[in-house]
Amino acid sequence: AFRAIGAHHTLVYGDGTLVDTVYDEVGRARARYGGTVRRLSGQATEPERAGADETPADLVLALAPTGSPPAGGALPAEVGSELGAEVAGLGPEGFALARRGGVTVLLAAAPAGLLYGLFHLVRLGPAAFGADRPVEAHRPALRLRLVSHWDNLDVHPVMGQVERGYAGGSIFWRDGAPAGDPERIRAYARLLAACGMNAMTVNNVNVHGTATRLLTDRLDDVAAIADLVRPYGIRVHLSVNFAAPVSLGELPTADPLDERVRAWWAKAAGRLYEAIPDFGGFMVKADSEGQPGPYRYRRDHADGANMLADALAPFGGVVHWRAFVYNHRQDWRDRSTDRARAAYDHFTPLDGRFRDNVILQVKHGPIDFQVREPVSPVLTAMPNTRLALEVQATQEYTGQQRHVCYLGPYWSEVLRFAPWGPGRPTVASLVAGPADDGDGAPAGNGGGASAGGGGLVVVSNVGDDHYWTGHPLAQANLYAVGRLAWAPDLDPVAVLDEWIDLTFPASATGDPDSEPGAGSDGEPGIGSDGELGTEPDSGSDRKPDADRETLRGTLHALMDDSWRTYERYTAPLGVGFMVAPGHHYGPDVDGYEYSRWGTYHFADRDGVGVDRTRASGTGFTGQYPQPWSDRYESLADCPDNLLLFFHHVPYRHVLRSGATVVQHIYDTHFAGVDQVARMRRRWDRIGGSGLVDAALHARVADRLAEQQRCAEEWRDQVNTYFLRKSGVPDAHGRRIH
Ligand code: GCW
């Protein structure tokens, strides 16, 4: 794809850091694949500045002041004005594109738009330079698209350098100090921009030890990261400890209404913005799993969040305040406490009290990133609060980057979910916020939500691993989450095609001597530290199309349905957990049953599942609007895949699918393992073919072997458990231990 760009005569118009980046990117492609690139400063409004001296440009990337299109000899005038009219309404990250008379023109109102437009061209590849293309306009659906890193500064005694990280160490930190590889951070920013992300936190939401000092004497470390990622349009945010003034020994209290505390945070914010003028803001995990918060001072979450918001407001910063608040010291004997209810019960009474620059960050489900959960009802119940959707790319509960589990289809379901029924707002529109006029000034009034939506936050799956994500195929999750945050309606399988094309570029297949995209020396996958969509310089005699289709077919066979496959062999019908305590990998059906964490399945000899109905259970179904409140409440209408999340049912209860619950458990567990075995055989078939780099093939093969071993363990433990509990034999007489 970059080759296509490199082969052209490119003109880049405009000024600013991000335009410099665009120019550099085109320059890199040009140096590698030929073509020319010229740069003109300023918005190209003077015809003579287009320059007639050189080969006429056939690719123009131009920054235009909103509303006034660039004119000039190099730009087909009518394309310029059509595009100019388009970009006027597209906001700071949007861009418009057309091809007419052999010239491809990309126009944006602001530098970020030009950068995203460039990556769009890369995705289009040769298609951007063939036949005429009508004007197309693009802008992100969600304005804030943030990657949250659970990276610790100090090595945590239990969690290690990255909490729930399955891709090696942190790319930011090592043993309390910067990791010392700025090029890696720069490459990562490029990767994130190519996926469509525009912000990140650089430290874990659990803030301990040295991490607290990022606000004070270790601020320069944050500024250094900000400098590295800024050229790719990524703003840095910081996770902070609510009790920082106390834990740093500077104040006796962290009471958010105490003037000294307010002044302390205002000063901290001032220092941050002096060092990092485009600093994004704070992320806070307060009164959650032992992290300090306002409750200690008998203040509520609005008091706490607003205090930090006031400190950041003069500089334009935001507070991401997490809604992941629940009683993590529950008594399993207490059936009246329901963890699923917690976020709603804590936060909805505060709707309308949060400042405009507070974003309430809500996990997509009411519990904790399980393989299947309903959408969190908090998202439906706070119309006067800016809401962000939090999802987890790090595969804590979905195979820990040892299992193939492409989560695009899951996130797509969540984003498209319509809590008030078909035709009404979707989750994506709730976190996008009220429609705005494109220049960042939203319409609407009253409450924080009028300041726009909170966007999407994803917990990163990246580490210092050679392939970035441990499992090379887990890269697709990072790519997909960025693309879905930009355009929630995208088909996640089509997104996978984009990822395949960028990661395993065409000519790399079928030519073992060429330089492959994913997994060759130091240039693994999307972006990486090499060329995005790396392609070999030398042409190969072999026609790669057939090979390419083989590779594409193999990757689809492994990935398209992998989330549902994972669901089949793990916890059934939305019941969740059943994982080994602590590390959360592998089965342990009763691992959390008598624990303090509030995650129970209540299996007994008669049945299984959690009664969350209004009629006889915890009443959680009542947190949903209609029609879902009644659908979840009704045993007959509740979707099968969430049945045990909402209901406790007998083993012989008949699902909407016609199977009994216990037979469904047996069937899906056998089917899930069979599916993994097929995935493995499919991958083995392309071994030694040169379709992918040998080291990459071996890495994936190893992980598939582990996935199969683990899936069998899940199948056997879950099936045996339910056979023993229920005494109901498998209708097909298969072996259950
Ligand atoms: O899923 C749980 C994880 C914790 C994590 C917590 C959270 C960062 O097990 O490791 O802590 O969620 O989201 O805060």
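This passage describes a predicted protein model, from its overall make-up to selected local features.

Residues are numbered from 1 along each chain, in the order in which its sequence is written. Because the model is predicted, local features are reported at pLDDT of at least 70 and side-chain atom pairs count only at pLDDT 80 or more, while totals for chains, interfaces and linings use all residues.

The protein has 20 helices and 20 strands, where helices (H or I, at least four residues) and strands (E, at least two) are DSSP runs numbered from the N terminus. Of its 737 residues, 55% are buried; a residue is called buried if 20 or more other C-beta atoms lie within 10 Å of its own, exposed if 12 or fewer, and partly exposed in between, with C-beta atoms placed from the backbone. Two residues are in contact if their C-beta atoms, placed from the backbone, lie within 7 Å, and among contacts between residues at least 6 apart in sequence, 69% join residues at least 24 apart.

Strand β16 (residues 358–363) is largely enclosed by the rest of the structure, because 6 of its 6 residues are buried. Val-358, Leu-360 and Val-362 point one way from β16, whereas Ile-359, Gln-361 and Lys-363 point the other way. Strand β15 (residues 318–322) runs parallel to β16 and is joined to it by 4 bridges, two strands being paired if DSSP finds at least two bridges between them. Within this pairing, Val-319 has Val-358 of β16 as its bridge partner.

The residues around the ligand are Trp-150, Glu-163, Arg-164, Val-205, Asn-206, Lys-285, Glu-289, Phe-324, Asp-368, Phe-369 and Glu-396, a residue being near a molecule or strand if its C-beta atom, placed from the backbone, lies within 6 Å of it. By class, this shell holds 4 nonpolar, 1 polar and 6 charged residues; Ala, Val, Leu, Ile, Met, Phe, Trp, Tyr, Cys and Pro count as nonpolar, Asp, Glu, Lys and Arg as charged, and the others, Gly among them, as polar.

Gly-233 is placed in the loop between α6 (219–229) and β13 (235–240), and it counts as buried because it has 26 C-beta neighbours inside 10 Å. Apart from its neighbours within four places in sequence, Gly-233 is in contact with Leu-18, Ala-112, Leu-115, Ala-193 and Asn-198. Although Gly-233 and Tyr-116 are 117 residues apart along the chain, their C-alpha atoms are separated by 9.4 Å.

An unreviewed UniProt entry carries the annotation "domain: Glycosyl hydrolase family 67 C-terminal" for residues 469–506 and 549–734; such positions are given in the numbering used here, feature names are shortened, and annotations may be inferred rather than shown by experiment. Over residues 469–506 the chain is 63% helix and 0% strand, whereas residues 549–734 are 47% helix and 2% strand.

His-584 lies in the loop between α16 (562–569) and β19, and its phi is near 65°, a positive value in a residue other than glycine. Phe-602 is found in the loop between α16 and β19, with a positive phi near 60°. His-584 is partly exposed, with 19 other C-beta atoms within 10 Å, and Phe-602 counts as partly exposed with 15 such neighbours. A cis peptide bond, with omega of about 10°, joins Gln-626 and Pro-627, and Pro-627 is in the loop between β19 (607–608) and α17 (628–633).

Helix α20 (residues 694–726) has 33 residues and reaches 47 Å from its first C-alpha to its last, close to the 48 Å expected at 1.5 Å a residue, where the expected span is 1.5 Å times one less than the number of residues. Just after α20, Gly-727 takes a positive phi of about 70°.
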